Amino acid sequence: MSRTISKTAVRSGRFVRVISVLLLASAAFAQSGQSITVNCNNGESLNSTLAKLNKQAPHTVIVQGTCTEFVTVNGFEGLTLKGQSGATIQQPADNPLNNSYVLSITGSRGINVFGLSVSSLPSIFSGIGIGKGSSQVQLQNVHVTGSWGIVVYEESQVWLVQVNVTISSGFAAVSAFDKSDVHIAGGLLQRPSDGNFYAGLLVGSGHVTMQGMTIRDMQDSVDISQSGSVDLVDVDTTQPVDVIIDNPSGTNTNGAYVTDGSSLNLESCRLLIRNAGQTWGGTSGAVFVTNDSTLDAGANLIVSNSRGQGVIVTNNSHATLAGSSITGSLHGGLVAANLSTIDVQPASTLTVVGGNKPDLFCDSNSFITGTANLSGVPTANCANQLTGNTVTLP
């Protein structure tokens, strides 16, 4: 049986993370100062205008028209880019300097981008890159199309509010790397109907707090690795709460994939996963937790009609539920394998696991505990069940 997890330590860690997100939100304020209008349809250049500004003074730049150029925000303090209706930054066809991003924000603080669209081509890495320790960066009502989407890297701090990303090349719509901290409130991540493999949210050694986001038709809707973590927490009362993973095209492999010592924690937001996975089963399904990783779902995981498994936990990993619902999976509902455990804890509402084939499955080296906290009489193919959360203790 896997190690006991200290709930006190976990909750304390989450409290610190939520406080850091709140501080980030309060710091991402709209800047005052000189206002400049750039009309790219009249031959003006946004990048050339930024190059002439005092980087240490607050400025608001109003963007009009389509700016076909690479835009660099490097070392700025207190800059606002505000797009008027239809304002777009479009990647040029030629890239002689081998830029990685259409809009690049590096080494900057207090940057606000409102109402802009950013469009990239398959020839570039990503539409927007935010890195090199940038902080208090907020993107709001921003639309990104093309390659990858938004990449946050090198210990940067970013707030995404009602950001919509549609990727048609590359891999991930939103990425957080290198111990970066990202909060997402509202918005949509989606992909076209093609044969490529895409991820909605990709977190590698970073931390993301998310609420109100819809992720549609991604092969890996949420992909967490390299000791990364994702917390679903409602910290912005002006934005939606539930995170929805939907798969109307039937191309999804995993709703959430958690691996390599990573964690997915459902706190004050629900995670609704619909029609995830593939009919061949295996490790495909709504939530796949593996390689010394954890899922803390509480009462906030709602899995319905998975084409694969419901929740599968493998390779010395652990999951806890307390009032969640896993129903209608074509394969297992709760699946534990290879030295892993799933613990169903007491809650005001019993955890619903039903209509899966079977509801409970474990191998000879894994356990499902707390089965007394399940509703009804789930079907089972699991010899290692405990009605309580532990064996009888001395």
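In this predicted model, Ile 342 is in contact with Val 311, Val 313, Ala 319, Leu 321, Leu 334, Val 335, Ala 336, Phe 367, Ile 368 and Thr 369, leaving aside its neighbours within four places in sequence. Ile 342 belongs to strand β33, which covers residues 341–344. Its relative accessibility is 0%, so Ile 342 counts as buried. One of its contacts, Val 313, is 29 residues away along the chain, and the C-alpha atoms of Ile 342 and Val 313 are separated by 7.4 Å.

In soluble globular proteins, nonpolar side chains tend to be buried together. The largest nonpolar core here has 88 residues, and those with the most contacts inside it are Leu 46, Leu 50, Leu 139, Leu 264, Leu 301 and Leu 334. Strand β14 (residues 157–169) supplies the largest share of this core, 5 residues.

| Nonpolar core | Number of residues | Residues, among them |
|---|---|---|
| Largest | 88 residues | Leu 46, Leu 50, Leu 139, Leu 264 |

Not counting residues up to four places away in sequence, Leu 50 touches Val 61, Val 71, Thr 72, Val 73, Phe 76, Leu 79 and Leu 81.

The whole structure contains 2 cavities of 30 Å³ or more. The second largest cavity holds about 30 Å³ of space. Its lining consists of Met 210, Val 222, Val 230, Leu 232, Ile 245, Ala 256, Leu 264 and Leu 271. By class, these are 8 nonpolar residues, with no polar and no charged ones. Leu 264, part of this lining, is also among the residues with the most contacts inside the largest nonpolar core.

How values were computed:
Residues are numbered from 1 along each chain as its sequence is written. This is a predicted model: local features need pLDDT of at least 70, side-chain atom pairs count only at pLDDT 80 or more; totals for chains, interfaces and linings use all residues. Side-chain values use heavy atoms; hydrogens and water are left out. On a 1 Å grid over the protein atoms alone, a cavity is a set of points where a 1.4 Å probe fits but cannot get out, and a pocket is an open set with protein on both sides within 12 Å along at least five of seven lines; lining residues have an atom within 4 Å of a point. Grid points are joined across faces, edges and corners, and a volume is the space filled by probe spheres set on the points. Ala, Val, Leu, Ile, Met, Phe, Trp, Tyr, Cys and Pro count as nonpolar, Asp, Glu, Lys and Arg as charged, and the others, Gly among them, as polar. Helices (H or I, at least four residues) and strands (E, at least two) are DSSP runs, numbered from the N terminus. Buried means under 20% relative accessible area, exposed over 50%, partly exposed in between (1.4 Å probe, protein chains only). Contact means heavy atoms within 4.5 Å. A nonpolar core is a set of buried Ala, Val, Leu, Ile, Met, Phe, Trp, Tyr and Cys residues joined through side-chain atoms within 4.5 Å.
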